[in-house]
Each structure stands twice: as structure tokens, then as C-alpha cells.
Amino acid sequence: MKPDTIYFFGTCLIDLIYPQAGVSAVQLLQREGVKVIYPQAQTCCGQPAWNSGYRDEARKVARAQIKLFPKDLPIVIPSGSCAGMMKTHYPELFKGEADEAEALQVANRVYEFTEFLVDVLQVDLKDFGEPVAVAVHTSCSARREMGVADKIEQLLGQLSKVEVKEQAYKAECCGFGGTFAVKQPEISAAMVADKILHLRATGATQLVSQDCGCLLNISGAFAYQANHEGKTAPKAQHIAEFLWERTQAAEEMKS
């Protein structure tokens, strides 16, 4: 049943680098008649500390987030990575803790944004944009932890003027991996070099993803090539911003 109210967890990267992705996600949800609650005290999901082996620190950060979602409402997250942390790893992180049941209750209400649009809201999109060829990058967390790799393309498949170009080695990591890119910069750089080679080979003029970390890494590598080699960089957007721009009628855009 379609919920009339949800919680929205905005993520650090949307807050700091891609705010329009968060705004667009909220606008898409509201257009579907869903009331969006955005807890103002939210911060990080705890994933950086978790991935680095700092369990106590991760638990402290995660515990602060858990307290922000007391009502039995879906928690929608525009990131497979953060959604994966909260849904998959919170149960392990809080195992044996006094608030384990509370953590499990939160984990069970988590939805990745594209998953929520497709499976819960069952959105019906109309394309008002110009014809465009896009390539899709699905994050490792969205693909392997959340199991929602197909949702972004189901949404794009509703857009009549969008052609999705298939890249080689589509399921391979872009090399970001959160703290991995900091701890292993040479390996990360080699991985993203392979990723942008295959993305560029598609001929797509735009890249979309549901994870801002991947977008940051891939678009940064494209920008480096543009600055040092003069190559044109495809426009990179979060799927929420891309969908919002393309599915507004001219009358909506004027208002």
C-alpha cells in the first residue's frame, strides 16, 4: 500500500556537494502525494567508521541516527551505499546491544530511493525532455547489498526520449568505495580510469547514478581528463535530479 508519509535520510554527500539531488528527490516524492519528513539533526549513517573498522565510533554515529526515526514509517535514502549500511550492517553493528531491537526496526524500514519509486510508489513517468543518450553506473552497494541494480533502468525505461547506452564491464566498481579511495589511491585511480574508458566508449553524453560517491569519483576523473587532455566530459547527475528535470511539463517549470 502506498504510504502517505515517509522519512527522508539525505546523506552527507548530498548535503555537502549535491544538494539539488536531495531537493529533486523530495520534489519527486511530494509530486506522488507523499509527505516527506526530514529530521534536521541527521548526519552521517556511520559507514566511513564502519568500513575503517571503528565499530564503537560507527555505533555512536549510527545510534544518533536511529533516534531520529521513531515512527513506523518508511525511511527513503537516495544512496545505495548509505541505505546498504543502514539496512544490511546496522543489524550486525548493534547485535547484542541494548538498542538492538530499535536498530533492527529501523533497518527493516529502509528503502533505496529508486527501489521506493518503482516497487512502492509504482511511479508512472512522462518524458518532457529532449532526446538524450545516457550511461548508467550502479554502485556496488546498490547492486550487491540492496539488490536494486535494475530499478534505475526501469525508471529510465519509462522515458520515451532517453536511450540507455550499455557499457562494457558494467557491474565493475568505479574505485570510490568511500575510504578505499583515500587508503588505496593508486588502485582507486586505476579502477576509475577503466570505468571512464568504458563509459566514454558508449558515446553517451550524460551519466546517471543513484550514488553521489560514485558520481563524485567518476565526474572527477572525467574533469581531470578534460583539464589535462582536452576531452569532453559527459554531464553527471544523480538519478533524482535527472528524473525531476525531464518529467516536469513546461507549465510546472514556469511556476
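**Notebook: pocket, patch and salt bridges**

I started with the largest pocket and found that α3 gives the most to its lining, with four residues. I am working on a predicted model, where local features need pLDDT of at least 70, side-chain atom pairs count only at pLDDT 80 or more, and totals for chains, interfaces and linings use all residues. Residues are numbered from 1 along each chain as its sequence is written, and side-chain values use heavy atoms, without hydrogens and water.

I noted the volume of the largest pocket as about 540 Å³. Of its 27 lining residues, L13, Q47, S81, F176 and G178 are the closest to the centre. Two or more lining residues come from each of α1, α3 (47-51), α5 (80-93), α8 (140-145) and α12 (212-229). Helices here are DSSP runs (H or I, at least four residues) and strands likewise (E, at least two), numbered from the N terminus. A pocket is an open set of points on a 1 Å grid where a 1.4 Å probe fits, with protein on both sides within 12 Å along at least five of seven lines; lining residues have an atom within 4 Å of a point. I sorted the lining into 13 nonpolar, 12 polar and two charged residues.

Next I looked up the surface patch. L16, I17 and L216 form a nonpolar one, with about 280 Å² of accessible area together. The patch rule takes residues with over 30% relative accessible area and no salt bridge, joining nonpolar side chains within 5 Å and like charges within 9 Å. L16 sits in helix α1 (residues 12-16) and is exposed at 67% relative accessible area. Exposed means over 50%, buried under 20%, and partly exposed in between (1.4 Å probe, protein chains only).

Then I turned to salt bridges. I counted 14 (a side-chain nitrogen of Lys or Arg within 4 Å of a carboxyl oxygen of Asp or Glu).

Which residue does D127 pair with? The partner is R246, with the closest N and O atoms 3.0 Å apart. D127 lies in the loop between α7 (113-120) and β5 (132-137) and R246 in helix α13 (residues 239-246), so the pair ties together parts 119 residues apart in sequence. D127 is buried at 11%, and R246 is buried at 8%.

R59 bridges to E97 at 3.8 Å between the closest N and O atoms. R59 is in helix α4 (residues 55-66) and E97 in the loop between α5 and α6 (100-107), 38 residues apart. R59 is buried at 14%, whereas E97 is partly exposed at 31%.

Notes. Accessible areas come from the Shrake-Rupley method with a 1.4 Å probe; for residues, only the protein chains shown count as cover. Grid points are joined across faces, edges and corners, and a volume is the space filled by probe spheres set on the points. Ala, Val, Leu, Ile, Met, Phe, Trp, Tyr, Cys and Pro count as nonpolar, Asp, Glu, Lys and Arg as charged, and the others, Gly among them, as polar.
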